[in-house]
Amino acid sequence: MNPSNRHVDAAAGPWEVARPGGEPDCPECPGRIRPVPEMDDMPDETTASETTASSSAPVATASTATATPTTTTERPAADGDTGPSRQPGRTGDGGSGGDEPPGETPDPESGSSRPRDTGIRAVVGFIGRGLITLGILVLLFVAYQLWGTAIYEARAQNQLETDFEQRLQEVESNATENQAPDDLGGAEGENGSFLDEPVPASSFTEGEAAFKIEIPDAGVDRIVVQGVSIPDLRKGPGHYEFTPMPGEIGNAAIAGHRTTYGQPFHNLDKLEPGDEVTTTTLSGTFVYDVVKTEVVQPTDVDVLEPPGKNTYVGDEIPEGGAMLTLTTCNPKYSAAERLVVFAALNPSKSPEAQPPSVDVTLGAERTTIDSAGLSGESGSRMPTYVFGLVVAAVGALWYFAFRRWRHWYTWFAGAIPFLAVLFFFYTYLERVLPGNY
């Protein structure tokens, strides 16, 4: 028998194989192995076998009593070797440890175990995390569209209201100084004052506060800006600049968002014939009564025509009368159609209508309600791409930083800059989308 492969009993531990020279395989393991004695000190074969049998019996008994499995593995037999050699961490005679985790198979070359289907699990996990992240970003964008844009509109309305009140005070002050009370036109009492020469629409620049509109039955109380471009309607309802001002003969038309940027015309569909629409301009206060509501295509042009030419109101508003038209997107959360509300000036509650301050014959100015900034724009593409890349870079840095330092302050430190650049990305993204309804 080869002494280098001699089996040595480590009294209270598992069997170990000693390398030539008597050095144990695992000096740090519990129950360190005693060096293999010299051949002269070795007992004969019979004695060694008896010693082995007697020493192994208690171990087996203890192992059985405690119901603790003893792990073994089988090593290849060497020259002169008559039995298996067992090492800690393995069980059974076949070398396939009974304590291996489920779903793992031993590597036939190295003897180590590795997870089964590791690659598939990694791919599925990556796709799952990606879909969850995408879903969260989409939900955040929807929240920005519905409520984030309202913050921008509210701030703009505060500034517009301040500007309009200041200008209204200046006009009233000048009228009081330059005219006697009897010279002021308009009905007495609740109708307010009316200037002999109304402030024309041309006196307002695009995006400037033009007048105030109030619709109690629809929850509308906004400052209307001059113009209906995309930047104008982000501030609030906009006045079609080629139409007359409220209180003038003709069709004064206003456009407004229904679900974004404060959704000023969100409940316009709740209006019924007879509901009042009040407008306060620099020339006076004018009350309109709702006549009817229509749903039209965005390319329709007749809704902006003055009385007498407007096919939707027909004889309900006679030619030469004053009317008000409100337009918004329809249905809610879509820009496929336009909801249009027509109202006629109530002469008993308003000063007498004055001649229009603009050419009511549209001519070259003829346009459609689709020209209003209700359908989005295709510009601002480059800022969208740039901020998209910035969001991706900041998000990646945030992810790897949190993987490296898993602390709550790491999460918050990354969330703040990520949400900041995400806000600017959403701001430009909603501008390039086809529908800002």
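Helix 4 covers residues 381-404, 24 residues in all, and spans 35 Å from its first C-alpha to its last, close to the 34 Å expected at 1.5 Å a residue. Helices (H or I, at least four residues) and strands (E, at least two) are DSSP runs numbered from the N terminus, and the expected span is 1.5 Å times one less than the number of residues. This is a predicted model, in which local features need pLDDT of at least 70 and side-chain atom pairs count only at pLDDT 80 or more, while totals for chains, interfaces and linings use all residues. Residues are numbered from 1 along each chain as its sequence is written, and side-chain values use heavy atoms, without hydrogens and water.

The buried residues of helix 4 are T384, V391, V394, G395 and W398; buried means under 20% relative accessible area, exposed over 50%, and partly exposed in between (1.4 Å probe, protein chains only). These buried residues pack against helix 5 (408-432).

The structure also holds eight salt bridges, each a side-chain nitrogen of Lys or Arg within 4 Å of a carboxyl oxygen of Asp or Glu. One of them joins E153 and R222, whose closest N and O atoms are 2.8 Å apart. E153 lies in helix 2 (residues 118-178) and R222 in strand 6 (residues 220-226), so the pair ties together parts 69 residues apart in sequence. Both E153 and R222 are buried.

Another salt bridge pairs K349 with E276, with 2.3 Å between the closest N and O atoms. K349 sits in the loop between strand 12 (337-345) and helix 4, and E276 in strand 9, 73 residues apart. K349 is partly exposed at 32% relative accessibility, and E276 is partly exposed at 28%.

Methods
Contact means heavy atoms within 4.5 Å.
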